[in-house]
Amino acid sequence: MTLRCPALALTLMLLFSLSMPALAATTALVSTPQLADQLHLRAAPEDAADSLGAYYNGTSVTILDDKDPYWARVRIGVPPGSAEGYMRKSFLTKGSDKGSSAMPEYISTASTWELMDQPSDTASSRTQGQGEAFLLMGLGSGWWHVISRDLQLSGYVRAGSLQRPSSAVIRSASPEGSAHLRAEPDKSAASLGQYYTGVRVTFLGYCQDKPWASVRIGPLEGYMDAACLVTDVTEMKKVQSAMPSVTVTGDGALRLRDAPASDGGILGVYAVGLEATVLGFTDKWSHVEIMGQTGFMMSQYLTPRFK
């Protein structure tokens, strides 16, 4: 059948197109051979085109068009604080919203600050507050493209205007209220100690390829499950400590050492009856705070004995 009325034909085509379901957006992750590498977002589908930013592994992108055999037109971030351009298809992994990530986390230290919709001081902005955590997706000329940890809010800030978290607090969901400090970012790795909820740790950064974080507790450096760490300043204040108290016992004074070993340096000698707070423990040693000093004591001379 031939439609002789162009207006009627156009109307029918429009109605048909409106009845068709919208194609779901395809997502992909930036995935370069080396986690430390970054992938450029280009203004045009060619390597010589201007760079709109260099993006970390693990950055999620929405593919807008992938008809070109080598390049995909993508959007990064959440509008209005998003960026559009072209990326090499060979460095994008489709069909996943989870994977290895090298995006570092930053927090705000200013009481209020502006998240810009575009990398310009004259762009529209949204006011943010102190202690909010953002992931650094990409680096531009004097600007950072960031996204909130819940991936719902993105935009631009001046490079260096946010700070890396310098500390975190343990908040474990385990029945005993403690989390292991591991020698490697793996649950089967040797435990350097089991530490209680409420212990403040030095936060060294998230691991690039696993859901672990590198932390330091006193002289010990290791890895903890990132889910057991709170880095948000406001949330850190809400954590209730599960650190128990113990009493020095035994026949005489007890040495506090700078390492969990019998040949560790002696930081002090403490009399029977003094109380200490236990940060964490191993089979033989307890990491304690006593009279303003932090170090290690042999658990067999502390009461009660925690396991």
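Student: Before we get going, what is a salt bridge here?

Tutor: A salt bridge is a side-chain nitrogen of Lys or Arg within 4 Å of a carboxyl oxygen of Asp or Glu. Keep in mind that this is a predicted model.

Student: Good. So which residue does aspartate 121 pair with in a salt bridge?

Tutor: Aspartate 121 pairs with arginine 158, at 2.9 Å from N to O. Aspartate 121 sits in the loop between strand E9 (112-116) and strand E10 (125-129), while arginine 158 belongs to strand E13 (residues 154-158), so this pair ties together parts that are 37 residues apart in sequence.

Student: Is aspartate 121 buried or exposed?

Tutor: Aspartate 121 counts as exposed, with 53% relative accessibility.

Student: What about lysine 67, which residue does it bridge to?

Tutor: Lysine 67 bridges to aspartate 65, and the closest N and O atoms are 3.8 Å apart. Lysine 67 is exposed at 74% relative accessibility, whereas aspartate 65 is partly exposed at 28%.

Student: Which residues are linked in a network of salt bridges?

Tutor: Arg73, Arg75 and Glu84 are linked that way.

Student: Let's zoom out. What does the secondary structure come to?

Tutor: The protein chain has two helices and 27 strands. It runs to 307 residues, of which 40% are buried. Taking contacts between residues at least 6 apart in sequence, 56% join residues at least 24 apart.

Student: What is the mean pLDDT of the chain?

Tutor: The mean pLDDT is 87, and 88% of the residues reach 70 or more.

Student: Where does pLDDT stay under 50?

Tutor: One such stretch is residues 1-6, for which the model has two contacts beyond four places in sequence. Residues 8-24 also have pLDDT below 50, and that stretch has two contacts beyond near neighbours in sequence.

Student: Changing topic: I'm looking at serine 60. Where is it found?

Tutor: Serine 60 is in strand E4 (residues 60-65), and at 34% relative accessibility it counts as partly exposed.

Student: What is serine 60 in contact with, leaving aside neighbours within four places in sequence?

Tutor: Serine 60 is in contact with Ala28, Leu29 and Ile76. Methionine 137 is 77 residues away from serine 60 along the chain, and their C-alpha atoms are separated by 8.7 Å.

Student: Now pockets. What volume does the second largest pocket have?

Tutor: Its volume is about 170 Å³. The lining residues include Asp251, Arg255, Arg257, Trp285, Met298 and Tyr301.

Student: Which strand gives the largest share of that lining?

Tutor: Strand E22 (residues 254-257) does, with three residues. By type, the lining divides into five nonpolar, four polar and three charged residues.

Student: Last topic, backbone geometry. Which residues does a cis peptide bond join?

Tutor: Proline 79 and proline 80 are joined by one, with omega about 10°. Proline 80 is in the loop between strand E5 (71-76) and strand E6 (83-88). Another cis bond joins threonine 303 and proline 304, with omega about -5°. Proline 304 lies in the segment after strand E27 (302-303).

Student: Why point those out?

Tutor: Most peptide bonds are trans, and most residues other than glycine have a negative phi.

Student: Then which residue other than glycine has a positive phi?

Tutor: Leucine 151 is one of them, with phi near 65°. It sits in the loop between strand E12 (143-148) and E13, and is partly exposed with a relative accessible area of 43%. Methionine 291 also has a positive phi, near 50°. Its place is in the loop between strand E25 (285-290) and strand E26 (293-298).

Student: Is methionine 291 buried or exposed?

Tutor: Methionine 291 is exposed, because its relative accessible area is 61% and the cut-off for exposed is over 50%.

Conventions. Residues numbered from 1 in each chain as written. Predicted model: local features only at pLDDT ≥ 70, side-chain atom pairs only at ≥ 80, totals over all residues. Heavy atoms only, no water. Buried < 20%, exposed > 50% of the residue type's maximum accessible area, 1.4 Å probe, protein only. Helix = DSSP H or I, 4+ residues; strand = E, 2+ residues; numbered from the N terminus. pLDDT = per-residue confidence, 0-100. Contact = heavy atoms within 4.5 Å. 1 Å grid on protein atoms, 1.4 Å probe; cavity = no way out; pocket = protein on both sides within 12 Å on 5 of 7 lines; lining within 4 Å. Points joined across faces, edges and corners; volume = space filled by probe spheres on them. Nonpolar A, V, L, I, M, F, W, Y, C, P; charged D, E, K, R; others polar.
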